[in-house]
There are 4 protein chains.
Amino acid sequence: MEGLREAGRALAAESARYAALGWMRGTSGNLSVRLRDEPLRLAVTTSGLDKGELTEDDVVVVDADGVAVPDQPHPEKVPSAEARLHGRIAAVSGAAAVVHVHVMASVLAAERWPGGVELIDLEMLKGFGRAAHDDLVTIPVVPNGQDMRVLGDAFEKSFRADTPALIVARHGLYVWGADLLQARHRAECLEWLLRFKVESER
Amino acid sequence: MEGLREAGRALAAESARYAALGWMRGTSGNLSVRLRDEPLRLAVTTSGLDKGELTEDDVVVVDADGVAVPDQPHPEKVPSAEARLHGRIAAVSGAAAVVHVHVMASVLAAERWPGGVELIDLEMLKGFGRAAHDDLVTIPVVPNGQDMRVLGDAFEKSFRADTPALIVARHGLYVWGADLLQARHRAECLEWLLRFKVESER
Amino acid sequence: MEGLREAGRALAAESARYAALGWMRGTSGNLSVRLRDEPLRLAVTTSGLDKGELTEDDVVVVDADGVAVPDQPHPEKVPSAEARLHGRIAAVSGAAAVVHVHVMASVLAAERWPGGVELIDLEMLKGFGRAAHDDLVTIPVVPNGQDMRVLGDAFEKSFRADTPALIVARHGLYVWGADLLQARHRAECLEWLLRFKVESER
Amino acid sequence: MEGLREAGRALAAESARYAALGWMRGTSGNLSVRLRDEPLRLAVTTSGLDKGELTEDDVVVVDADGVAVPDQPHPEKVPSAEARLHGRIAAVSGAAAVVHVHVMASVLAAERWPGGVELIDLEMLKGFGRAAHDDLVTIPVVPNGQDMRVLGDAFEKSFRADTPALIVARHGLYVWGADLLQARHRAECLEWLLRFKVESER
């Protein structure tokens, strides 16, 4: 699979970065990048490993349903169940990189505003791809669940092209973008925004 | 003692990791790994040293009572008194690795819920070995004390095979697992869960 | 431009430092140093890049209006719009280094005290260039905006020579000094002071 | 001065450590070690430097009054005014290492309990040199001031041989011990205890 080695290397580096921030405790969270469009192929971090210690090989190629495809170096590897949601997000949003991290501020905000977290008139919204003024941004919150079809439907129902993030209540945060770097920058800005929200409206 | 050098190296690396997280301030906390089953032998970090600066030699072999055995490179080394509780936990739970760290969120939670800290419907519970839904997890809390037999009895009374952790009130947290990596992942997930609990129910 | 390479190197190093503190999430914030007096020339960090990964080349030379001058290695580079405020601060205050970082405590304090944040009788004020006793320091707070002329006017109106900082509400903090090191030390001390203020008067 | 180079190296390493913890923001704080007993000579970190970037030369030898002695490599170096309090603490307590750091939890606690911060029945008190049970520890709090004689008198009035720490309100924390390592361990444990106190009694 073309670009897989490079993708694996990038996913390992990004994972180590998020792990150092405390956003991927244990083996939690997963990242993906788009390898090909039609049919859709994503490289997703392997399930069950310490996200601070991944190597370029700790990656699985999945299709739009999050199922490992046969044509890859290690087709026996098991992707996270959440790979299916990555696939859904990539397909619906067109994103080429999806980041799923267990950001504390995101679950604290969802606990307080289960109907969606509203952010407005904050400069950091620009780093999330929105305007700093007069532009109400609502980060959708969906209930947690293990059925990725249900979660995917909830995502799709809440999806707006201008809001590249989703909070899964009592679970964590999904953020996406045109590449891993954009997704990272959006995730970092959104974490700051959610922390500000939770702290300032305590 | 077979495997001792490897155990010492692993314990030093894990300790440095926890120290960097601020979970082993001063010389606090201790880690152990099982070296042999019958009779039970544990390698425990040496008492009184900076946990961020251990070497592979800073380890003592103890029996099920936490007493240093004569047959080891440095039988004169003094294990922490808490080695006895490590022995008890290893014997009762069957764990091969026990982690004792002074996690702030664990003592804050115990202060608030001295009868046990209840966690439910949180994704991170999976990283602790439980279900994300409809599975009430109660982290036992026992009062602090210096008599390890009393502490061990309190642990045993509160022990449930499906709950690999114990909070000692106004002291810290014990977490265990099949190896140091599993114990680490459980400890990281539990810290996140306790922090969420304390922050969200403030 | 004389000193540009050295300036670029220093700006990259300082940016990485602030990024590690979490004060430059995403691509947020920007730093500048004075290269020449008449006409005023500043080296400013390039817009849109990860502030933890800048190189010595990621720098633009701007004039007092924050406009890139033609005489530089890469005149096509686009400075941040905020470069104009850097220019204004440098011109008005005489500072040779301006630091703009998105410090959480600064926006939390501005949210609570939108008319200005008062600090008094705190030892850390010495590190900010003021007295530790009987010297009321008011950090000005101005509303956020995208028109740098309006922001600059608000800055100038609030400017006092003995108070080398400005909070832009719901945005972040500007701090300045005689060089990057002095600006850093003032920024670090002010962050500590604002955190103390927010935490102690909760 | 015998041992000066070694002392300078140790002070630089310890300072970098505290700076990384955020306890020596700007150029704040200072550390000292005893070089000789009669007459008392201390090596103290030089004033006005970034505590994360000290070298082994950034040290001044002072007498019991905190005055630089002539017999040293760089007698022109200016010690911090606080060197005088280091001298007083060393003389009165017999400590061979004194650590002065601007720990946030210490000033928050002093703000709340200006008559002294009481700690009891906490395991971490053992790391501070006290008992984990039934042993009321009161960390003295004295008002901030710039006259080191006044501060020294307040210290001496509050001094108890079994309580190796002092909080200067709205300023920071002094901790001491038999060497830099013991002082560090006590400082780390006390920071944890003060954080617990502030967080749990919010």
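Reply: A residue is called buried here when its relative accessible area is under 20%, and exposed when that area is over 50%. The model is a predicted one, and the helix to begin with is H4(B), which runs over residues 148–158 of chain B.

With that cut-off, the buried residues of H4(B) are Met148(B), Leu151(B), Gly152(B) and Phe155(B). Around the helix axis they take up an arc of only 100 degrees, which means that they sit on the same side of H4(B). The face turned away from that buried side carries Arg149(B), Val150(B) and Lys157(B), which are exposed. As for what the buried side meets, its residues pack against helix H2 (83–93) and against three strands of chain B, namely E7 (141–142), E8 (165–168) and E9 (172–177). The N-terminal end of H4(B) is capped by Asp147(B), which has a side-chain oxygen 2.8 Å from the backbone nitrogen of Arg149(B).

Because its relative accessibility is 17%, Asn144(C) counts as buried. Its side chain makes a polar contact of 2.9 Å with that of Glu123(A), and another, of 2.8 Å, with that of His171(C). If neighbours within four places in sequence are left aside, the residues in contact with Asn144(C) are Glu123(A), Ala132(A) and His133(A) from chain A, together with Val168(C), Ala169(C), Arg170(C) and His171(C) from chain C.

Just after H1(A), Gly22(A) has a positive phi of about 85 degrees.

Where chain D meets chain B, 22 residues of chain D are in contact with 18 residues of chain B. The two chains bury about 1800 Å² between them, with 55% of it on carbon and sulfur atoms. In chain D, the residues that lose the most area to chain B are Glu123(D), Trp192(D) and Phe196(D), together 32% of what that side buries. Across this interface there are 5 salt bridges, one of which is formed by Glu53(B) and Arg184(D), with the closest N and O atoms 3.2 Å apart. Helix H5 (residues 180–200) of chain D gives the most to the side of chain D that touches chain B, with 11 residues.

Where chain D meets chain C, 18 residues of chain D are in contact with 22 residues of chain C. Of the area that chain D buries there, Arg25(D), Met104(D) and Arg170(D) supply 38%, more than any other three residues. The count of salt bridges between these chains is 5; among them, Asp50(D) pairs with Arg184(C), the closest N and O atoms being 2.5 Å apart. This pair crosses from the loop between strands E2 (41–45) and E3 (59–62) of chain D to helix H5 (residues 180–200) of chain C. Both partners count as buried, Asp50(D) because its relative accessibility is 6% and Arg184(C) because its value is 4%. Arg184(C) also meets Glu53(D) in a salt bridge of 3.2 Å, N to O.

Within chain D, Glu56(D) forms a salt bridge with Arg5(D), their closest N and O atoms being 2.2 Å apart. Since Glu56(D) lies in the loop between E2 and E3 and Arg5(D) in helix H1 (residues 4–20) of chain D, the pair ties together parts that are 51 residues apart in sequence. Glu56(D) is partly exposed, at 22%, whereas Arg5(D), at 52%, is exposed.

Note on methods. Residues numbered from 1 in each chain as written. Chains lettered and ligands numbered in written order. Predicted model: local features only at pLDDT ≥ 70, side-chain atom pairs only at ≥ 80, totals over all residues. Heavy atoms only, no water. Helix = DSSP H or I, 4+ residues; strand = E, 2+ residues; numbered from the N terminus. Buried < 20%, exposed > 50% of the residue type's maximum accessible area, 1.4 Å probe, protein only. Arc of directions from axis to C-beta. Contact = heavy atoms within 4.5 Å. Polar contact = N/O pair within 3.5 Å; in protein donor to acceptor, adjacent residues only side chain to side chain. Buried area = accessible area lost by both parts, 1.4 Å probe. Salt bridge = Lys/Arg side-chain N within 4 Å of Asp/Glu carboxyl O.
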